[in-house]
Amino acid sequence: MTASTPQPYYAKSSRLGLRVNALFGKLARLGISLAGSAELSVRGRSSGRMQRIPVNPHTHEGSQYLVSVRGHSQWVANIRAAGGGELRVGRKVRAFTVTEITDPARKAAVLRAYLERWGWQVTQFFQGVTAQSSEAELRAIAADHPVFRVDVPR
C-alpha cells in the first residue's frame, strides 16, 4: 500500500462567498474599490478566456503582491500558466507579469504584512495564523498560500 499524496490546501467558497465575490468584482469594474480591492483578470489555462476574480493587491516594501488567501485556487494555476494578467478598478486597467515568491523568509514577511492589512477580512483562511503569529507559524502555512509579486512594465 502506498501513502497518498496530500492535496494542496484550498478553501472552497460558499454560495454566499461566491455572491460576495461577484459583488466586489462588479464594484471594482464600476470603479469602486473597497479598501483597495481590484478585479484580477487572468487567461484561463484550458479555456483561453479571461477569468475574473476580486483580489486585495498588497503593497509591501515598495512592491505590490497578490496573495491567494484560499490557497491553490484556479486563479493561481491560471496565473502561473499565463505569467501575468490585469488588475482593474473602473476604467483603469494595468497589465502585469508576476514573479512567484518561494523564499520562505520573504514569503513569511509578505504574509505577515498582508495579514496586518487584510486580516480582518481573511483570517478564517489562515488556519489560526495571524499577523501576531511567530515566524515559525507563518512559515508553516506559507506553502498553503501562493504569493506573487506584481511586475508592471514601464
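1. Y114 and W118 are both buried (buried is under 20% relative accessible area, exposed over 50%, and partly exposed in between, with a 1.4 Å probe and protein chains only). Both residues belong to helix α3, and because they are 4 residues apart in that helix, about one helical turn separates them. (Helices are DSSP runs of H or I with at least four residues, strands are runs of E with at least two, and both are numbered from the N terminus.)

2. A word on the model before going further. It is predicted, with pLDDT of at least 70 needed for local features and 80 or more for side-chain atom pairs, while totals for chains, interfaces and linings use all residues. Residues are numbered from 1 along each chain as its sequence is written, and side-chain values use heavy atoms, leaving out hydrogens and water.

3. Back to the rings. How many aromatic pairs are there? The count comes to 3 (ring centres of Phe, Tyr or Trp, the last by its six-membered ring, lie within 6.5 Å; planes under 30 degrees apart are stacked, over 60 edge-to-face, and the rest tilted). Through ring pairs, Y114, W118 and W120 are linked into a cluster.

4. The charged end of R117 sits over the ring of W118, at 4.3 Å from the ring centre (NZ of Lys or CZ of Arg must be within 6 Å of the ring centre and within 35 degrees of the ring normal).

5. Next, the largest pocket, which holds about 860 Å³ of space. (A pocket is an open set of points on a 1 Å grid over the protein atoms alone, where a 1.4 Å probe fits, with protein on both sides within 12 Å along at least five of seven lines; lining residues have an atom within 4 Å of a point. The volume is the space filled by probe spheres set on the points, which are joined across faces, edges and corners.) The lining of this pocket is made of 34 residues, and S13, N21, I53, P54 and R70 lie nearest the centre.

6. Which elements supply at least two residues of that lining? They are the helices α1 (15-29), α2 (74-82) and α3 (104-122), together with the strands β1 (38-43) and β2 (50-55). Helix α1 gives the most, with 9 residues. By type, the lining divides into 16 nonpolar, 13 polar and 5 charged residues (Ala, Val, Leu, Ile, Met, Phe, Trp, Tyr, Cys and Pro are nonpolar, Asp, Glu, Lys and Arg charged, and the others, Gly among them, polar).

7. I53, one of the residues nearest the pocket centre, is in strand β2. At 25% relative accessibility, I53 counts as partly exposed. I53 and L18 are 35 residues apart along the chain, and 9.9 Å separates their C-alpha atoms.

8. A35, in the loop between α1 and β1, has a positive phi of about 60° although it is not a glycine. A35 counts as partly exposed, at 36% relative accessibility. E61, in the loop between β3 (58-60) and β4 (63-67), has a positive phi of about 50° and is not a glycine either. At 64% relative accessibility, E61 counts as exposed.

9. Finally, two pairs for finding your way around. A109 is in helix α3 and, at 30% relative accessibility, is partly exposed. The C-alpha atoms of A109 and G48 are separated by 34 Å. P153, in the segment after β7 (147-151), is exposed at 57% relative accessibility. Between the C-alpha atoms of P153 and R106 the separation is 23 Å.
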